[in-house]
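Good morning, everyone. Today I shall speak about charged pairs and a surface patch in one structure. Please look at the model as I proceed.

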Amino acid sequence: MLRALALGLFISYMIFSVAADDNCNCDDEGLWSIQSILECQRFIAFIVLCGLTHLLNGWTYYGQHSFQLMLSLTIAKFLTALVSCATAITLLTLIPLLLKVKVRELFLRQNVMELDQEVGMMKKQKEASLHVRMLTREIRKSLDKHTILYTTLVELSKTLDLQNCAVWMPNENRTEMNLTHELKTSSSRNYRSSIPINDPDVLEIRGSKGVRILRPESALGAASSGGSCESGAVAAIRMPMLRVSNFKGGTPELVETSYAVLVLVLPVANNRVWSYHEMEIVDVVADQVAVALSHAAVLEESQVMREQLGEKNRALQQAKKNALMASQARNSFQKVMSHGMRRPMHTVLGLLSMFQEDNMSFEQRIMADTMVKTSKVLSTLINDVMEISANDNGRFPLEMRPFGLRSMIKEASCLAKCLCVYKGLGFEINVQSSLPDQVIGDERRAFQVILHMVGYLLNVYDGQGTVIFRVFRDSDIEDKDDKMLGMWRPTMPGEHIYIKFEIEISEKGSQSDGAISALNYASRRHNSNEVKEGLSFSMCKKLVQMMQGNIWISTNLLGFAQSMTLVLRFQTRPSFGRAIFAHGSSSEPNSNSQFKGLKVILADDDGVNRTVTKKLLEKLGCHVTAVSSGFECLSALSAAENSFQIVLLDLHMPEMDGFELALRIRKFRSQNWPLIIALTASAEEHVLERCLQIGISGVIRKPVLLQGMADELRRVL
C-alpha cells in the first residue's frame, strides 16, 4: 500500500515538476500547442492527487494508524492543496484559450458555409453554362429564322420547365406586335394575336435591357399564356433584329433597330418565381438568339441579292443577245444596202458619166445631166444611211469642196420644173445676179435639201398655181450673230456668205384665196406643227444645221404650209488644206492625152464595178489590167515584164484589203514604187489619214465618175 502511495506521489511530483517548467519557446498558436498540453497535465495531476487524497482518507477513516501513514496522508493533502492552487491559477490562462478555440471554431464554420455557397454558385454557373452551350448549339444548327425561333422555344421550355413560350415581332409599319411563334397554340376565340406597339409593357421591354418581370394583369403576359386561364410568373426580354442595312453608315447603336419580344411563362403549380439563375440563362440565350437571327437575316438578304444579281445577269445576257442580234441585223442591213443599192447606183453613175462625154444633143445632155444629178442625190442618201447605221451617233461627215453655185441652182430648177409640170403647176425662177459662181460647201446635200423642199410642197398642195423658186444673198443675216439662226460659229478661215433659197406656191384663180386654199388643201391635212414632228423634216433640219444653216416652213392664213425657206452658209475663199476627194466637174477643160498608154492595174472584188471602172480608164486612154483580189495584184506586179505606173485598188476587198495590199507593194517594190490610188465609199477622216500614213498617193471616193477619175490621175501624175 505504501509502495502504491509512494508511486502515485512520485508521478504527481513529476507531473507537477514538468508543469512548473515554463522555459519552453514553442509556438502556442496551434490547437495542441505545448502550453495547452502543459495546462492539461496540471489539470490531470490535480485530479490524480485529489483521488489519492480521498483514497487515503477513506482508508484511514476507521481505527488508529501509524505515524508514517498519517505523514503520507498529510503530505498528500498538502500536495493536493498546492496542485489545487496551481490549477486555480492556471485556469486564468486556460479560459481565454478556450474562448479562442471557440471563436476559431465559429470562424471555421462560417468559412465552411461560405465555401459551400461558392461551390453551389459555381455548380449553378457550370450548369447554366452547360445549358447555354446546349441551347446555343441547338439554335445554331440552322440559319432559318423560323427554325431558330422554334428551337429556342422548345429548348428553353425543357431547360426551365416552362408553361409556354412566345415570340412577338413588329409588323411592317411598326404599329403592332404580332404573335409569330408560340410553343403551345391556343384554340380559344378570345385569343389575341396582336398587341399595340405603344402598350406600356411593350414600351418598357423595348426600352430596357435584361429580363423584365411582367405584372399579373399584363395584356402581353395574358396573350402569351397559351390560352390557359391561370399562369405563373411571366418574364419577357427584347431581342434586336439586325439586318445588313443596320450596319451601313454606323454601328447598330447609332441606327434605329427593330426589336422582337421573347415572353416566358412559368407554370402556376408550386408558386414558382423567377430566380436570378433562370433570368441569367434567359438573358444569355436571348443574346445568342439575336446573333443567330442577324446571321439568318444576312443570309436571307444575301440570297435576295444573289437572286437580284441573277436576274440582272439574265437581263444583261438578254441585252447582250439583243445587241448581238441588232449588230448582226445592222451588218446584214449594211451588206444589203452596199451590194443591193450602193454598188448598182455607183455602176449607173459611172456609165452615165461616160455618156456625158459623148456627143449628144442639147435635150439629151439635159436628160443625162439630170439623171446624173438625181443619181448622185440617191447615192448620197444611201451613203448617209449607211454612215448613220455604222456610227450609231446620228452624224456623218460633210463633203466640203468647191462647186459651181449657179450650176447647182440651174440643175435643181430643172428637176423642180419637171416635177411641177408633172403635177400641173407652173414654175418660175428668180436668181439674184450678184451671186458668186464658185463657193465651198456640201453640194450634194444642199441639192438634196432643195429637192426635199420642192417635193414636200408639191405633196401637201393639190391645185392650180405656180411654184416660185427664189435664190438671193441674205446680207442682213451676215451682219447678225449666227446664234439668231441657232448655228455654231465656224472655225475655218476664209470669208463666208449666206444664201437664202425660197420655194413658194402662188395660188391663182377667180375665187377668193381662202376658198381656193380650203379646196386645194382639203385632201392634205398637214399643218406646220405636223410637219415639224415628221421624220423627214426632222432629218432634213438636222442636216441643214450640220451645214451651219437653218430651214423653216411658212403657213398661210388657214395654217397650211405655203412656202419653205432655206438659209445655207458657204465659204467664198478656200481654207488652207489639200482636197483629197475628187468627184468630177472641173471649171477648166483639160486634155486627157497624157493618159494614153498609161499602164494601170485595177484590183476590185466586185465584178460589175471592176468592169465599169475598167471602161472608164480605157475611155481615158489607159491600158488596164483588171484583177479580182490582192493576191492576184501582187502576182501581176511581181512579173518582170509588167511595169505598171498606177495601182488602182479597192480598200474593202476580202481576204486582203487595200491597206495591207498597199503595204506589201511598198515593201516588195521599194526601188520603183508605182503610184497607188485608193477607191473607197467612206468619207471618214481616219481613212484619209491612214492612206497618207501608208503611202497611198490619192483617194477617189465612190461613185467613180469619168471626170473625177481624170482629175485625180492628173493630180497624182
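Let us begin with E660 and R664, which form a salt bridge whose closest N and O atoms are 2.9 Å apart. Please bear in mind that this is a predicted model. Both E660 and R664 belong to helix α17, which covers residues 658-668, and they are 4 residues apart, about one turn of the helix. E660 counts as partly exposed because its relative accessibility is 32%; R664, at 29%, is also counted as partly exposed.

How many salt bridges does the structure hold? There are 16.

A second example is E504 with R470, where the closest N and O atoms are 2.9 Å apart. This pair links distant parts of the chain: E504 sits in strand β11 (residues 496-507) and R470 in strand β10 (residues 465-473), 34 residues apart. E504 is partly exposed at 24% relative accessibility, and R470 is partly exposed with a relative accessible area of 22%.

I turn now to helix α3. Within this helix, K102 and E105 lie 3 residues apart, about one turn. They form a salt bridge, with 3.8 Å between the closest N and O atoms. Is K102 buried or exposed? K102 is exposed, because its relative accessible area is 53%, whereas E105 is partly exposed at 29%.

Finally, helix α3 spans residues 67-139 and contains L71. Together with F67 and I75, L71 forms a nonpolar surface patch of about 310 Å² of accessible area. L71 itself is partly exposed, at 41% relative accessibility.

Terms used: Residues are numbered from 1 along each chain as its sequence is written. This is a predicted model: local features need pLDDT of at least 70, side-chain atom pairs count only at pLDDT 80 or more; totals for chains, interfaces and linings use all residues. Side-chain values use heavy atoms; hydrogens and water are left out. Patches are made of residues with over 30% relative accessible area and no salt bridge: like charges are joined within 9 Å, nonpolar side chains (Val, Leu, Ile, Met, Phe, Trp, Tyr) within 5 Å. Accessible areas come from the Shrake-Rupley method with a 1.4 Å probe; for residues, only the protein chains shown count as cover. A salt bridge is a side-chain nitrogen of Lys or Arg within 4 Å of a carboxyl oxygen of Asp or Glu. Helices (H or I, at least four residues) and strands (E, at least two) are DSSP runs, numbered from the N terminus. Buried means under 20% relative accessible area, exposed over 50%, partly exposed in between (1.4 Å probe, protein chains only).
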